[in-house]
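Please read it beside the sequence and the coordinates.

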Amino acid sequence: MRNTTDILSLTDEQLSESLISLGFQKYRAKQVSDWLWKHAVRSFDLMTNLSKENRQLLSEKFFIPAITLDTHQISMDGTVKFRFKLHDGKMIESVLIPVDEKDRYTVCVSSQAGCSLTCSFCATGKMGLLRQLTASEIFDQYVLVNQYCLERYEKKLSNIVFMGMGEPLLNYKNVLHSISRLTSDKGPNLSSRRITISTAGISKMIKKLADDNKGINLALSLHAANDEKRVEMMPINESNNLSSLMDALTYYSKNSSGKISYEYIAFEHFNDTAADAKNLIRLCSRFHVTVNIIEYNPVKGVEYEKSSEDRINSFAKQVRDHGIMITVRKSRGKDIDAACGQLANKS
Ligand code: SF4
């Protein structure tokens, strides 16, 4: 019969209590925790400072829900998409975006298998929500992509963005737990300034994040600067309209040191007009925010067209002329379906 306790789901205190109740000496809990989180070992057999009997006992009482690399694809532009298999056979994707000239190696991780939101331009949303990822399944995406990054570029990952499959704020507890493991000096010890959560916009949870963690950057997938258009693309806007989101972000800007940005996919003649730019400028007035305009990547079955370069540039200029920091990002990894909104376990 399968052992039922996922050892990676335990806090350090719970792990310590469990091991003591099994007869382990107290200091063993730290050794086991170090193996799991510092060295990211995913087999009890590799915990070589434990006796054979102790390792045997651990494997009888616990299991380690490791994720394994199923496949990876390399884009013409260097972006790498990874498909990982979860212990129950479900698949998720992560993306490595290397920017050599800036020495920046960013991993985009998934927070859910699939997604319950139904943003109309997104391939993941069409899968529905299969399940929440555990904290360790999020953590392990970082670990495995970091190993690849070290092997290929001799560099560690520099940034992590929660922008893959799923809505991170709807898997709040596990996402925050993964972040506390990633930023711990008993783990990779990442700075929270290097971490960005991207959200479709859940006002209540944005405020909670401001209260619970003071330093993570927050990216709002805005994509339209009035409610009518935003609802059409993102049904979540019905219950979390722009006014409530602006209140939540104002709260975030006052209570967290994390930076705020808007992600804005440009769709031809839909959200790239002068009137749209004017609305966007208004949404930049209450707190400091940078805007990233993203080129749209066509998704099968979606009727939006991508904006032309000329239209994007004049839209960006109108916003920039108001003193707002705005960048126009070329999409990366389009040829392997690794770009924004394209993650849906295709290969
Ligand atoms: S854009 Fe994000 S929140 Fe929206 S459906 Fe896709 S994965 Fe979910």
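The numbered points below treat the basis of the model, its domains, a helix pair and the ligand.

1. This is a predicted model, in which local features need pLDDT of at least 70 and side-chain atom pairs count only at pLDDT 80 or more, while totals for chains, interfaces and linings use all residues. Residues are numbered from 1 along each chain as its sequence is written, and side-chain values use heavy atoms, with hydrogens and water left out.

2. The chain is assigned domain 1 (5–63) and domain 2 (73–336), with bounds from an automatic or database domain assignment. Their centres, taken over C-alpha atoms, are 35 Å apart.

3. Between domain 1 and domain 2, about 940 Å² is buried, and carbon and sulfur atoms give 54% of this area. Buried area is the accessible area (1.4 Å probe) that two parts lose on being put together, summed over both. On the side of domain 1, Asp12, Trp37 and Lys38 lose the most area to domain 2, together 50% of what that side buries.

4. Helix 6 (residues 203–212) and helix 8 (residues 242–255) have axes 9 Å apart and pack at about 5°. Axes are lines fitted to C-alpha atoms, for helices over the stretch in contact, and angles run from 0 to 180 degrees between N-to-C directions. Helices are DSSP runs (H or I, at least four residues), numbered from the N terminus. Helix 6 is therefore roughly parallel to helix 8 (angles under 35 degrees).

5. The ligand is surrounded by Cys115, Leu117, Cys119, Cys122, Thr124, Gly125, Gly166 and Ala200 (a heavy atom within 4 Å).

Notes:
Helices (H or I, at least four residues) and strands (E, at least two) are DSSP runs, numbered from the N terminus. Angles under 35 degrees count as roughly parallel, over 145 as roughly antiparallel, 65 to 115 as roughly perpendicular and the rest as oblique.
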